[in-house]
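Morning, everyone. Let's walk through a structure and its pockets. Here it is.

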Amino acid sequence: DWPSSTVILTGPAGSGKSHLVEVWRQSSGARRAEAPALTREAVPGLIASGNLALEDLPGEALDETALFHLLNLTRQAAAKLLITATLNPAHWPVRLPDLASRLRALPVVTLGVPDDSLLRGVLAKLFADRQLTVDDAVLSYLLARMPRSLEAARRITAEIDARALTERSEINRAFVARVLGEFHAPDLFGDD
């Protein structure tokens with residue numbers, strides 16, 4: 001029930017764009033591709049099976065003509081195109097006037113940085129998925145010290161789980177503090 005054949009989903013790294021793409025892809029039967037796959041030659045094949053999720057635009061070198069043709073072909077085929085990006089398309093370095101105009105007309109949905117309530121729920125679910133029980137004090141401790149991204153939450157829970165298994169340790173505030181203190185931010189949190 002989209003208002004347009006194409007929707008652009010924006011948000012910072014780790015905000016959940018790829019997760020939403022996967023949920024939509026599974027429910028719609030959409031194909032998934034990344035920005036480098038967008039070439040003039042590839043456009044008919046990208047949309048041939050119907051719906052398409054195109055991630056990480058504009059990419060290193062956006063083929064503007066290819067994107068323009070993809071937008072047109074998507075509309076003509078009555079297909080749906082979900083595009084993800086970290087930046088609103090108004091900030092993409094687009095030189096083709098017709099493409100710039102089309103991008104400005106598309107609906108843009110922006111995911112913000114997750115708040116504490118969402119991150120607390122995600123952390124609790126990630127620990128539960130690993131069959132780990134952690135109390136509210138541990139979650140509060142993590143929330144006060146972690147980057148505001150879903151990817152950081154995934155990395156943190158994976159590292160805590162691995163260390164708890166290796167060390168056969170209970171997951172409490174002191175253990176979590178030690179795990180966080182022994183890693184450099186890029187190792188545990190990525191580039192967030």
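In which helix is confidence lowest, and in which strand is it highest? Lowest is helix α9, residues 185-189, at a mean of 54. Highest is strand β4, residues 81-85, at 97. The score is pLDDT, the predictor's confidence in each residue, from 0 to 100. Where it is low, the predicted coordinates should not be read in detail. The chain's mean is 91, and 95% of its residues reach 70 or more.

Ground rules. This is a predicted model, where local features need pLDDT of at least 70, side-chain atom pairs count only at 80 or more, and totals for chains, interfaces and linings use all residues. Residues are numbered from 1 along each chain as its sequence is written, and side-chain values use heavy atoms, without hydrogens and water.

Now the pockets. A pocket is an open set of points on a 1 Å grid over the protein atoms alone, where a 1.4 Å probe fits, with protein on both sides within 12 Å along at least five of seven lines. Lining residues have an atom within 4 Å of a point.

The largest pocket holds about 470 Å³. It has 24 lining residues, and Ser15, Gly16, His19, Leu150 and Arg154 are the closest to its centre. Helix α5 gives the largest share of that lining, five residues. By class, the lining splits into eight nonpolar, eight polar and eight charged.

The second largest pocket holds about 150 Å³. Its lining includes Arg40, Pro58, Asp63 and Arg95. Here the classes are four nonpolar, two polar and five charged.

Methods
Points joined across faces, edges and corners; volume = space filled by probe spheres on them. Helix = DSSP H or I, 4+ residues; strand = E, 2+ residues; numbered from the N terminus. Nonpolar A, V, L, I, M, F, W, Y, C, P; charged D, E, K, R; others polar.
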